[in-house]
Amino acid sequence: MAEVRAEMVANVWKVVAAEGDHVDDGDTLVILESMKMEIPVLAEGPGVVTKMHVAEGEVIQEGDLIAVIS
Amino acid sequence: MLDSVLVANRGEIARRVIRTARRTGIRAVAVYSDADADLPYVREADQAVRIGPPQPARSYLNAAAIIDAARQTGVAAVHPGYGFLAENADFARQVIAAGLTWVGPDPDAIEQMGDKIRARNLMERAGVPVAPGSREPVADVAAALAEADRIGYPVMVKAAAGGGGIGMGVAADEAGLRSAFETARSRAERFFGSPEILIERFVERARHVEVQILGLADGRVLALGERDCSVQRRHQKVAEETPSPGISAGLRERMLAAAIQAGQAVAYRGAGTVECLVDADAGTFVFLEMNTRLQVEHPVTELVTGIDLVEQQFLIAAGEPPSFDPPADPAPFRPSGHALELRIYAEDPVRFLPGPGTITEWAEPVGAGLRVDAGYQAGNTVTPFYDPLLAKLCIHGADREQALDRAREAVVAFRIVGPKTNLLFHADLLASPEFSAGDYDTSLVSKLRPA
């Protein structure tokens with residue numbers, strides 16, 4: 001099981017992967033936006049998205065859990 | 001003379017405009033979102049009005065809230081700063097319709113230059129060189145491919161209504177163009193509300209050099225020298241200098257003359273910037289775009305001319321002559337010494353990813369030739385809602401060597417704790433042989449920071 005956490009304070013612009021999706025290493029899970037820049041958050045290995053903790057429009061803090069991949 | 005002004009912006013530029021307003025006896029009103037209530041510019045204004053929540057669309061882009069604030073405080077004029085509504089012709093018209101003075105060019109000039117395709121066509125007709133490129137919007141991928149075949153690869157793809165490098169992409173071939181076109185179009189719609197795309201020939205070894213123009217109230221257009229803005233990451237400027245170390249005296253003279261022609265073609269009033277791409281090998285330049293506002297990097301021009309550009313904006317908006325004696329046409333402006341600007345961003349110095357946070361320590365360097373235009377101080381929180389510019393470290397020297405030496409010391413002395421900063425990037429930049437020698441182009445940052 002891999003937890004994907006936010007590296008910075010950001011707004012969640014787009015949630016690309018849904019719970020139940022199969023993802024591969026490098027697939028985009030969500031796209032964050034901070035300081036007028038888009039920052040894709042990528043899967044670091046293959047698996048299934050078992051939990052998506054963020055929704056579009058939310059503000060997240062550094063270290064917040066974004067998704068769980070099992 | 002104007003007696004009062006509302007500054008429709010935030011951070012360092014609001015603070016900088018307020019400083020000149022107060023120095024020249026103009027009552028200054030600030031506006032702020034909930035995220036910015038504690039920033040220095042809010043406190044330094046004579047009066048401040050809350051205009052909404054942090055989201056730009058509900059605060060600094062909310063024209064109705066800003067005009068309400070102007071009415072409520074009884075100001076005579078609105079200064080837009082840069083970004084946000086500065087190049088929004090509709091906003092300028094609303095300001096004028098509300099009986100206020102717009103501190104900027106005529107809304108028609110904003111509109112003509114805001115559409116990059118129209119601006120290119122207009123400049124071409126005015127005799128200003130432009131790169132081979134689109135004369136009308138590129139509707140879809142098929143049209144983009146046909147256009148690129150006509151122009152020749154590599155090409156630059158960008159939003160006609162865009163700015164700030166957002167969505168811009170270079171394509172070397174058909175596959176690259178397909179993906180660059182899709183990226184540019186989705187960004188264009190999202191950030192600029194218009195899907196129109198423009199394709200231009202991409203200049204490989206280019207320097208980005210721009211000319212500061214000033215359209216006087218009597219109709220004359222002056223060129224106050226150039227700024228070299230070739231140090232860029234993600235097509236956004238990080239450091240600027242004047243004079244440009246990469247252009248000959250002859251090329252400088254031709255660029256300044258072309259910038260005056262560009263300004264005259266739209267009967268330009270106030271401060272504006274004509275951006276050009278210079279092919280350093282060939283000694284040629286092409287028009288890129290015109291920014292119809294005060295530029296972020298305007299301080300370097302102020303440092304070598306001794307002219308306060310914001311003061312001239314106020315005077316011109318009021319229909320008055322500038323505060324200095326304009327040189328007899330066509331005598332060129334003579335810069336005094338050399339100036340650099342280093343943009344201190346809240347981002348990591350390696351990958352340039354945003355790093356907002358609360359500032360626990362903030363100590364600005366002090367010394368001969370230094371000017372710091374800062375938007376923050378210790379105790380402030382840098383939020384993710386706006387662009388990452390924390391401060392502009394500006395350095396003046398008798399010559400480029402002295403300016404570089406002072407810059408190297410100042411970067412080490414600038415202490416910011418809390419958010420991430422790119423100060424270490426600037427130290428590397430100033431240590432690099434290319435930058436030190438002035439021998440660089442827009443690819444410099446990617447050479448210093450290979451992916």
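I began with chain B, whose secondary structure comes to 15 helices and 20 strands. Helices (H or I, at least four residues) and strands (E, at least two) are DSSP runs, numbered from the N terminus. The model is predicted: local features need pLDDT of at least 70, side-chain atom pairs count only at pLDDT 80 or more, and totals for chains, interfaces and linings use all residues. Residues are numbered from 1 along each chain as its sequence is written, and chains are lettered from A and ligands numbered from 1 in the order in which they are written.

**Chain B, overall**

I looked up the dimensions next. The C-alpha atoms of chain B fill a box of roughly 55 × 50 × 45 Å along the principal axes.

I find 53% of the 451 residues in chain B buried. A residue is buried if 20 or more other C-beta atoms, placed from the backbone, lie within 10 Å of its own, exposed if 12 or fewer, and partly exposed in between. Of the contacts in chain B between residues at least 6 apart in sequence, 65% join residues at least 24 apart. A contact requires C-beta atoms, placed from the backbone, within 7 Å.

**Chain B, helices α4 and α5**

I checked α4 (residues 89-97) against α5 (residues 107-114) in chain B: their axes come within 8 Å and cross at roughly 175°. This makes α4(B) roughly antiparallel to α5(B). Angles under 35 degrees count as roughly parallel, over 145 as roughly antiparallel, 65 to 115 as roughly perpendicular and the rest as oblique. From α4(B), the contact uses B:Ala89, B:Ala92 and B:Arg93; from α5(B), B:Pro107, B:Ile110, B:Glu111 and B:Gly114. By class I count four nonpolar, one polar and two charged residues in this contact. Ala, Val, Leu, Ile, Met, Phe, Trp, Tyr, Cys and Pro count as nonpolar, Asp, Glu, Lys and Arg as charged, and the others, Gly among them, as polar.

B:Gly83 sits in the loop between β4 (77-79) and α4 of chain B. B:Gly83 counts as buried, with 22 C-beta neighbours inside 10 Å. Its C-alpha lies 9.2 Å from that of B:Val296, 213 residues apart in sequence.

**Chain B, strand β8**

Strand β8 (residues 197-201) of chain B has four of its five residues buried, so it is largely enclosed by the rest of the structure. β8(B) pairs with β6 (residues 155-159) of chain B in the antiparallel sense over five bridges. Strands pair if DSSP finds at least two bridges between them. B:Leu198 of β8(B) is the bridge partner of B:Lys158.

**Chain A**

I traced an open sheet of four strands in chain A, in the order β5-β4-β2-β7, with antiparallel pairing. Its edge strands are β5 (37-42) and β7 (59-60), each pairing on one side only. β2 (residues 10-15) and β7 of chain A are antiparallel over two bridges, and A:Asn11 has A:Val59 in β7(A) as its bridge partner.

A:Ala55 is in the loop between β6 (47-52) and β7 of chain A. A:Ala55 counts as exposed, with 9 C-beta neighbours inside 10 Å. Not counting residues up to four places away in sequence, A:Ala55 touches A:Val12 and A:Val15. The C-alpha atoms of A:Ala55 and A:Lys14 are 8.0 Å apart, at 41 residues along the chain.

Definitions and conventions. Axes are lines fitted to C-alpha atoms, for helices over the stretch in contact, and angles run from 0 to 180 degrees between N-to-C directions. Two residues are in contact if their C-beta atoms, placed from the backbone, lie within 7 Å.
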